[in-house]
Protein chains: 2
Amino acid sequence: MPTTVDYEQLLREVDLRVTQPRVAALAAVYDNPHADTGSLIESVREELGEVSPQAVYDVLRALTDAGLVRRIEPAGSVARYESRVGDNHHHVICRACGAIADVDCAVGDTPCLTASETHGFAIDEAEVIYWGRCPSCRKETRV
Amino acid sequence: MPTTVDYEQLLREVDLRVTQPRVAALAAVYDNPHADTGSLIESVREELGEVSPQAVYDVLRALTDAGLVRRIEPAGSVARYESRVGDNHHHVICRACGAIADVDCAVGDTPCLTASETHGFAIDEAEVIYWGRCPSCRKETRV
DNA sequence: TTCTTAACTTGAATCGTTCCAGAAAAGCGG
DNA sequence: CCGCTTTTCTGGAACGATTCAAGTTAAGAA
């Protein structure tokens with residue numbers, strides 16, 4: 001579990017000024033995987049008191065641009081953020097409740113990076129989303 | 001190239017009433033692959049005259065629910081629709097201009113359907129998006 | 001044709017997100 | 001430690017895609 005000092009270190013490494021909202025937002029993303037912006041705003045507020053939503057939006061954008069966090073936008077959902085970056089993992093999402101879980105690459109490190117026909121595109125990332133139903137939603141349907 | 005009769009046939013097959021907006025919207029999706037809702041509304045209006053945006057929204061939802069068209073929502077983009085359904089193909093999207101092209105499955109029919117660790121999820125679809133730069137945007141950068 | 005149901009119109013509302021101008025704070029050189 | 005410069009944060013408003021609600025119209029069955 002990273003400490004405040006670790007978060008400050010991460011920020012400095014990407015030339016971002018160390019501010020309370022940034023440290024708190026970074027910690028919130030680490031503590032709440034796949035959380036949406038609203039949840040993160042709440043987390044930051046629990047830590048620091050009143051903070052404007054726009055500040056959190058700005059911070060998340062800065063963190064995303066710097067590569068410290070990853071923004072994911074599943075269809076039919078609001079933007080979500082996660083702290084795992086650069087390891088080429090994917091996601092499995094429940095159609096019913098929207099729950100998200102991490103899935104490591106099925107085949108080696110960059111499995112789907114090789115499309116059959118690229119139409120001349122220079123591909124730099126393959127994003128994979130597995131759609132299905134999570135365990136608890138499967139139970140509910142059976143009842 | 002399907003005709004109006006073909007579209008009517010498709011609608012009847014899924015127990016949807018045949019209406020002018022529906023036929024026009026279905027034709028629009030076939031004629032404009034990966035078009036967003038706004039473009040489809042325009043296409044329908046060129047065909048039928050004044051049609052309310054909500055009608056097109058409703059029609060597209062009905063067509064999507066019926067499985068006649070597929071709705072895709074790339075991150076950072078509005079909803080788009082395509083007529084290719086049920087063939088498990090994927091997409092390559094340009095980060096710069098948002099252009100979308102179809103990509104057939106790299107490995108057989110259901111390549112990525114086998115995640116390494118499913119967390120108990122019942123997976124029914126694997127959605128793959130290849131992110132990169134399209135040929136024309138690559139040219140622009142070089143200049 | 002007549003009836004029933006589904007579909008369309010009109011109008012407004014919602015919600016996540018972004019933009020703007022001004023105030024505040026952090027970092028840095030002195 | 002002090003003041004300056006730059007960046008960030010605040011507060012408010014705006015935006016745009018999508019959805020909701022109520023009433024009217026049209027499609028398909030009897």
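1. Contact between the chains. In this predicted model, 39 residues of chain B are in contact with 39 residues of chain A. The area buried between chain B and chain A comes to about 3000 Å², and carbon and sulfur atoms give 55% of it. On the chain B side, the residues that lose the most area to chain A are Phe121(B), Glu127(B) and Tyr130(B); together they account for 20% of what that side buries.

2. Polar and charged pairs between the chains. There are 4 salt bridges between chain B and chain A. One of the salt bridges joins the side chains of Arg95(A) and Glu125(B), with an N to O distance of 2.8 Å. The rule for polar contacts finds 20 residue pairs across the interface of chain B and chain A, counting pairs with both residues at pLDDT 80 or more.

3. Elements on the chain B side. Four elements of chain B each give two or more residues to the side that touches chain A: strand E4 (90-94), strand E5 (100-103), strand E6 (122-133) and helix H5 (135-142). E6(B) supplies the largest share of that side, 12 residues. Sorted by class, the side of chain B that touches chain A holds 22 nonpolar, 7 polar and 10 charged residues.

4. Strand E6 (residues 122-133) of chain A runs antiparallel to E6(B), and 11 bridges join the two. Within this pairing, Ala122(A) has Arg133(B) as its bridge partner.

5. Domains of chain A. The domain assignment divides chain A into domain 1 (4-80) and domain 2 (87-142). Contact between them involves 6 residues of domain 1 of chain A and 9 residues of domain 2 of chain A. About 650 Å² is buried between domain 1 and domain 2 of chain A, with 57% of it on carbon and sulfur atoms. In domain 1 of chain A, His34(A), Arg70(A) and Pro74(A) lose the most area to domain 2 and together make up 70% of what that side buries.

6. By class, the side of domain 1 of chain A that touches domain 2 has 3 nonpolar, 1 polar and 2 charged residues.

7. The sheet of chain A. Chain A has an open sheet of 3 strands in the order E1-E3-E2, with antiparallel pairing. Strand E1 (35-36) and strand E2 (70-72) of chain A are at the edges, each with a single partner strand, so one side of each has no neighbour in the sheet. E1(A) pairs with strand E3 (residues 80-82) of chain A in the antiparallel sense over 2 bridges. Ala35(A) has Tyr81(A) as its bridge partner in E3(A).

8. The sheet of chain B. Here too the order E1-E3-E2 describes an open sheet of 3 strands with antiparallel pairing. The edges are strand E1 (35-36) and strand E2 (70-72) of chain B; each has a single partner strand, so one side of each is left without a neighbour in the sheet. An antiparallel pairing over 2 bridges links E1(B) to strand E3 (residues 80-82) of chain B.

Methods
Residues are numbered from 1 along each chain as its sequence is written. Chains are lettered from A and ligands numbered from 1 in the order in which they are written. Side-chain values use heavy atoms; hydrogens and water are left out. Domain bounds come from an automatic or database domain assignment. Contact means heavy atoms within 4.5 Å. Buried area is the accessible area (1.4 Å probe) that two parts lose on being put together, summed over both. Ala, Val, Leu, Ile, Met, Phe, Trp, Tyr, Cys and Pro count as nonpolar, Asp, Glu, Lys and Arg as charged, and the others, Gly among them, as polar. Two strands pair if DSSP finds at least two bridges between them. A polar contact is a pair of N or O atoms within 3.5 Å; within protein, one must be able to donate a hydrogen and the other to accept it, and residues adjacent in sequence count only if both atoms are side-chain atoms.
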